[in-house]
Amino acid sequence: MINKKTPMPSLSAEERIKSFDEVALGYTEEMAKCEADRCIECKNKPCVSACPVNVRIPEFISSIKKGDYKTAYEIIKSTNSLPAVCGRVCPQEKQCESRCTRGIKGEPVGIGRLERFAADWYLKNIKEKEERVAEPNGHKVAVIGSGPAGLSCAGDLAALGYEVTVFEALHAAGGVLMYGIPEFRLPKSIVQSEIEQLKKKGVRFMLDMVIGKVLTVDELFENGYEAVFVGSGAGLPNFMNIPGESAAGVYSANEFLTRINLMKAYRDDYDTPIKKYKKIAVVGGGNVAMDAARCAKRLGAEEVYLIYRRSEEEMPARNEEIEHAKEEQIIFKTLTNPVRINSGESGVESVTCVRMELGEPDEGGRRSPVAVEGSEFDISVDCVVIAIGNSPNPLIRTTTEGIEVNRKGCLVVNEDLMTTRDGIFAGGDAVSGAATVILAMGAGKSAAESIDKYIKSKQ
Amino acid sequence: MFKIIEKRRLNDQMTLMSIDAPFVAKKAKAGQFIIIRVNETGERIPLTVADYDREKGSVTIIYQKVGKTTGLLDTLEVGDSVLDFVGPLGRASELEGVKNAAVIGGGAGCAIAYPQAKALFNSGATVDMIAGFRNKEIVILEDEMRAVSTRLFVMTDDGSNGNNGFVTDALRKQIESGAKYDLVVAIGPLPMMKAVCDLTKQYGIKTVISLNPIMIDGTGMCGGCRVTVDGKTRFACVDGPDFDGHLVDFDEIIARNKMYRSEEADALHRHQCMMEGMSE
């Protein structure tokens, strides 16, 4: 048996930094079958319990082996509302693939790649996509936010017969899948076709609806919604609070990525401006930082630095993203921390950093970085992007009485994901703080079950 | 889609539009703003709510042709629609309890100062409205402002309407001749707001300004609109757009707002070259 994953065909680094085209090209049928054959369909299925939405992994892989890709897709879809998205952006190495029996000796089965293959095959080959429209049960549920948590909650509730309306603040549905994750990692057409599928299931989308402003949560109840799911994400950018951070040429990763992804600033046919910078520093070590750095490269920056205060080992980004970033000549400055951004008449001129050392492990077991005295040095840049995390947006909690939050501003929920107010449920980054797409989807799914139970118990 | 139900030229640069947007009209208050996107490839830009009619479900905006988006908006006529019209966003102005106010508008800022004057006047306050323009040709909303103020002073930089001077000259004159304001509202170009704040600080009069910085979403997500107020980072979209003018770091905002100026100039230059049949 082959101990290595079937390699993923991808664009060369030289080729891909010239455009926003998708980097990973996806398996061919032959590759998919070859990789599927590596799955031994072990009885205890450790992969399934390691998946936040419990995709029946050995079963769908078995269908791929037989060449029955449609069934493979349907098996995934039965527990996962967004297969084509998850196949691309899930941190599989930390979830399903981390428990794969094949991983004990050699590399685990490329579960994510197979999931993507099945989803892409379906989107491409099945023209008349059947979506089972459930018998309406006469109950209305409102979902706030159309990111991964909201979409997964809406999809599951619609399947149970609920009349679901998703309220989205921006002009396009998809949340972070649209404004955050770049086109070269997750094509927006894929996101939109997943959303189209939900519409066919009867989910209604209302865009440009900033809940808390246009309508309050209380007004949703007045309008006949019996339960509300808050999946408003973690959209409030954190800053470092260092001198010079408010200068022109310093962006939050949210602003930088939204201009590029949602507003398509990289395309000449769109009006959104983005300045052309020569040297860009991105601060942070997560997937968002990698995305920002790789976008910067594609916008034509000659030098892109990634500044992270811990070492590469502690970086929260997926391995694949780190590898891709390195292939694209992103310059890693680890154990480095910015202390000041220096600007002149024409904007940012440099960022002053200090070197860091790893000290004792903190409560979470991560070694916390300590500044090395007298180690200040400057990196010459004309733009700085801050990608050090996001906090939950306060719009809902400040306009809804009786909703409690913790000291980080995250909504407090019980084991059924109900907030401190009856009938209001929440999940995803709004509850956990910034995390992953799949964890948000898992929360949306659990919330859908709880909402179903809650509404039925009231009858 | 949001239909344009009225379009009226105020001067050669500025235009008023009423948009059919019942959700926004139902909630809008003085001081709040909306985000507009004209078409699929368009930018999202913030514009202040100039007026609203809850019964008709319409919201009035006033724009100045400065960039590509306002230029594009200006090509639309009554009956046409804009793709997105989101709001009301930001916090409403806090005007309760004010008895004696001076509301100052500079140029296009009069469009934003007007609803604040109206709210104050309708709540029973005495309102001195001071409006400043470069010359008398570009004076806008004179009748509207007169209708919502106790006294209206229209100033022109060149004196072409017979009142020569800046808004700060008029304000200083009123204060020195005994006007006792418990609030000054100043809305206009950043240097004007800064000048008003410098003046009112000397007299210890509370002064509120309204900011309209770079932003994308208007919900606190992008952080592009961050401003330093009293040494702390604030987002104009959710914490503002009104701020205590004596605590705002104006120099920082002025620097940030210059950010896209060279791109805009480039775009305009290319456009003009094409119009003149030149090639580069």
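Tyr277(A) is buried, with a relative accessible area of 9% (buried means under 20% relative accessible area, exposed over 50% and partly exposed in between, with a 1.4 Å probe and protein chains only). The model is predicted, so that local features need pLDDT of at least 70 and side-chain atom pairs count only at pLDDT 80 or more, while totals for chains, interfaces and linings use all residues. Residues are numbered from 1 along each chain as its sequence is written, chains are lettered from A and ligands numbered from 1 in the order in which they are written, and side-chain values use heavy atoms, with hydrogens and water left out.

Over all chains, the count comes to ten aromatic pairs (rings of Phe, Tyr and Trp, the last by its six-membered ring, with centres within 6.5 Å; planes under 30 degrees apart count as stacked, over 60 as edge-to-face and the rest as tilted). Phe167(A) and Tyr225(A) form an edge-to-face pair, because their ring centres are 5.9 Å apart and their planes lie at 80 degrees. This pair links distant parts of the chain, 58 residues apart: Phe167(A) belongs to strand β2 (residues 163-167) of chain A, and Tyr225(A) to the loop between α11 (217-222) and β4 (227-230) of chain A (helices, H or I with at least four residues, and strands, E with at least two, are DSSP runs numbered from the N terminus). Phe167(A) and Tyr225(A) are both buried. Tyr251(A) and Tyr277(A) also form an edge-to-face aromatic pair, with 6.0 Å centre to centre and 85 degrees between the planes. Since Tyr251(A) lies in strand β6 (residues 250-252) of chain A and Tyr277(A) in the loop between α12 (253-261) and β7 (279-283) of chain A, the pair ties together parts that are 26 residues apart in sequence. Tyr251(A) counts as buried, at 0% relative accessibility.

Strand β7 of chain A contains Val283(A), which is buried with a relative accessible area of 4%. Between Val283(A) and Asn337(A) the C-alpha to C-alpha distance is 8.2 Å, at a separation of 54 residues in sequence.

There are 40 salt bridges over all chains (a side-chain nitrogen of Lys or Arg within 4 Å of a carboxyl oxygen of Asp or Glu). In the salt bridge of Arg294(A) with Glu321(A), the closest N and O atoms are 3.1 Å apart. Arg294(A) is in helix α13 (residues 287-298) of chain A and Glu321(A) in helix α14 (residues 319-327) of chain A, so this contact ties together parts 27 residues apart in sequence. Both Arg294(A) and Glu321(A) are buried. Glu328(A) and Arg298(A) form a salt bridge with closest N and O atoms 2.8 Å apart. Glu328(A) lies in the loop between α14 and β9 (331-333) of chain A and Arg298(A) in helix α13 of chain A, so parts 30 residues apart in sequence are tied together. Glu328(A) and Arg298(A) are buried.

In chain B, the side chains of Asp128(B) and Arg151(B) meet in a salt bridge (2.7 Å, N to O). The pair links strand β9 (residues 126-133) of chain B, which holds Asp128(B), to strand β10 of chain B, which holds Arg151(B), the two residues being 23 residues apart. Asp128(B) counts as buried at 3% relative accessibility, whereas Arg151(B) counts as partly exposed at 37%.
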